[in-house]
Amino acid sequence: MPSSLPLRYGANPQQAPARVFMKSDIDMPITVLSGSPGYINLLDALNSWQLVRELKSAINLPAAASFKHVSPSGAAVAMPLSDVLKKIYFVDDIELSPLATAYARARGVDRMSSFGDWIALSEPVDVPTAKLISREVSDGVIAPAYEPEALDILKKKKQGKYAVVQIDPAYEPSNLETRDVFGVTFEQHRHDRLVTPADFANIVTKNKDLPESAIRDMLIAWITLKYTQSNSVCYTVDGQVIGVGAGQQSRVHCARLAGSKADLWRLRQHPSVLNLPFKSGIKRPDRDNAIDQFLQPDVTEAEKSNWANVFTELPDQLSVTERRAWLDGMSDVVLGSDAFFPFRDSIYRAAKSGVKYVLQPGGSNRDEDVIAACDEYGMMMAFSGVRLFHH
């Protein structure tokens with residue numbers, strides 16, 4: 001394998017020349033099997049690969065991630081899908097392997113954000129997964145291997161321009177990592193600390209109940225936050241991320257953003273959404289846009305003007321009361337935060353989205369106030385003592 005790979009340009013077309021290369025005299029751990037990944041593609045690829053590799057190691061199930069702009073829009077492990085989830089993820093017409101199920105969850109949770117995503121898969125890509133990828137709008141995929149027939153399917157995507165990257169699963173980078181910013185080199189120890197059971201042992205609330213399902217979802221939150229641009233908050237349930245708030249300056253804004261995405265995930269399961277009267281032949285992205293608009297209380301008349309082209313008849317949107325009643329059915333959700341909560345406002349927001357379990361490092365001067373807020377809602381909260389900033 002080569003130690004250098006030229007790129008068409010960097011983050012923007014005006015940033016040329018560009019390349020990725022190994023500083024030491026070793027082969028690059030990735031091989032491009034098809035297409036030509038770009039600078040941002042490979043940033044997504046290497047970050048997302050680390051995420052799914054750690055998920056697989058921690059939970060021992062096939063894992064998948066859907067990445068956009070160096071943060072996950074979804075991440076999941078292979079858990080069985082209900083008929084409703086199959087329908088809202090648009091996979092009720094296709095046979096799924098465990099790996100394909102993991103990607104269906106990761107891609108399906110926030111289809112608007114995952115449009116044109118980069119995919120990471122913890123296992124060799126099989127035919128069912130390749131078939132699922134082939135019909136979604138995506139930029140590329142990274143995995144440890146590809147079945148020959150699966151690779152043939154992916155090589156046909158985008159008339160052969162779809163980026164297919166294979167990574168050596170045995171590759172381990174140096175303990176030290178560097179980056180240059182404005183001609184100045186930064187160096188730090190790579191964030192190679194792995195999650196441990198002790199990270200969930202310090203339960204600080206009156207509610208001490210932490211079932212295995214919540215531990216699994218806390219593991220997913222912990223690892224996802226480790227590879228999400230900070231500040232970051234994520235909501236997880238049923239073996240998958242259901243909302244990510246990334247890169248916000250205020251933690252409560254992270255919680256609100258992630259919570260709003262979790263709410264949309266829940267609302268997409270409402271019978272009114274499942275039974276929207278779509279015209280035949282509507283493309284997936286157009287359907288996604290229409291569903292998102294249908295669920296926005298402040299949808300504009302300009303946006304609604306296109307509904308006649310999408311629906312056989314104009315649907316009535318959910319009322320405030322109907323929305324709230326349906327959202328109140330969401331439960332057992334985990335809220336994870338990459339750093340401490342400085343105020344109780346994020347807990348207030350979490351309560352609106354069915355959060356029962358909270359994971360955060362702790363260490364704020366207002367920890368006792370945040371603990372009291374959790375107690376008011378009967379939530380369980382664990383202090384991991386581990387900050388998970390990622391930049």
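**Figure 1. Lys261 is partly exposed, with a relative accessible area of 22%.** This view, like the others, shows a predicted model. The side chain of Lys261 meets that of Asp110 in a salt bridge, with 3.4 Å from N to O. The two partners come from distant parts of the chain: Asp110 is in the loop between α3 (98-108) and β6 (117-121), while Lys261 is in helix α7 (residues 251-267), 151 residues apart. Asp110 has a relative accessible area of 13%, under the 20% cut-off, and therefore counts as buried.

**Figure 2. Arg251 and Asp338 form a salt bridge between their side chains.** The distance from N to O is 2.8 Å. Arg251 belongs to helix α7 and Asp338 to the loop between β13 (333-337) and α13 (345-351), so this pair ties together parts of the chain 87 residues apart in sequence. Are the two partners buried or exposed? Arg251 is buried, and Asp338 is buried as well.

**Figure 3. Glu376 and Arg344 meet in a salt bridge.** Here the distance from N to O is 3.1 Å. Glu376 lies in helix α14 (residues 367-377) and Arg344 in the loop between β13 and α13, so the pair ties together parts that are 32 residues apart in sequence. The relative accessible area of Glu376 is 53%, which is over 50%, so Glu376 counts as exposed. Arg344 has 16% relative accessibility, and because this is under 20%, Arg344 counts as buried.

**Figure 4. Several charged residues are linked in a network of salt bridges.** Which residues are linked in this network? They are Arg107, Arg111, Asp117, Glu136, Arg284 and Asp288. For the model as a whole, the count comes to 21 salt bridges.

**Figure 5. Phe294 and Trp307 belong to one aromatic cluster with Phe278 and Phe311.** The model has 4 aromatic pairs by the rule used here. In the pair made by Phe294 and Trp307, the ring centres are 6.3 Å apart and the planes are at 45°, so the pair is tilted. It links distant parts of the chain, with Phe294 in helix α9 (residues 284-294) and Trp307 in helix α11 (residues 307-310), 13 residues apart. Both Phe294 and Trp307 are buried.

**Figure 6. The rings of Tyr348 and Tyr377 are 6.4 Å apart, centre to centre, with their planes at 70°, so the pair is edge-to-face.** Tyr348 is in helix α13 and Tyr377 in helix α14, distant parts of the chain, 29 residues apart. Tyr348 has 36% relative accessibility and counts as partly exposed. Tyr377 is also partly exposed, with a relative accessible area of 44%.

**Figure 7. The charged ends of Lys157 and Arg287 sit over aromatic rings.** For Lys157, the ring is that of Tyr162, and the charged end is 5.3 Å from the ring centre. For Arg287, the ring is that of Phe90, and the distance to the ring centre is 3.8 Å.

**Figure 8. The largest pocket has a volume of about 2200 Å³.** It is lined by 43 residues, and those closest to its centre are Leu43, Leu46, Glu177, Thr178 and Arg179. The elements β2 (18-21), α1 (39-59), β9 (176-181) and β10 (184-189) give two or more residues to the lining. Which element gives the most to the lining of this pocket? α1 does, with 9 residues. Sorted by class, the lining of the largest pocket holds 22 nonpolar, 11 polar and 10 charged residues.

**Figure 9. The second largest pocket holds about 420 Å³ of space.** Of its 21 lining residues, Arg8, Pro37, Gly38, Asn41 and Asp139 are the closest to its centre. At least two lining residues come from each of α1, β4 (63-68) and β6. The largest share, 4 residues, is supplied by α1. The lining of the second largest pocket divides into 8 nonpolar, 6 polar and 7 charged residues.

Conventions:
Residues are numbered from 1 along each chain as its sequence is written. This is a predicted model: local features need pLDDT of at least 70, side-chain atom pairs count only at pLDDT 80 or more; totals for chains, interfaces and linings use all residues. Side-chain values use heavy atoms; hydrogens and water are left out. A salt bridge is a side-chain nitrogen of Lys or Arg within 4 Å of a carboxyl oxygen of Asp or Glu. Buried means under 20% relative accessible area, exposed over 50%, partly exposed in between (1.4 Å probe, protein chains only). Rings of Phe, Tyr and Trp (its six-membered ring) pair if their centres lie within 6.5 Å; planes under 30 degrees apart count as stacked, over 60 as edge-to-face and the rest as tilted. A charge sits over a ring if NZ of Lys or CZ of Arg is within 6 Å of the ring centre and within 35 degrees of the ring normal. On a 1 Å grid over the protein atoms alone, a cavity is a set of points where a 1.4 Å probe fits but cannot get out, and a pocket is an open set with protein on both sides within 12 Å along at least five of seven lines; lining residues have an atom within 4 Å of a point. Grid points are joined across faces, edges and corners, and a volume is the space filled by probe spheres set on the points. Ala, Val, Leu, Ile, Met, Phe, Trp, Tyr, Cys and Pro count as nonpolar, Asp, Glu, Lys and Arg as charged, and the others, Gly among them, as polar.
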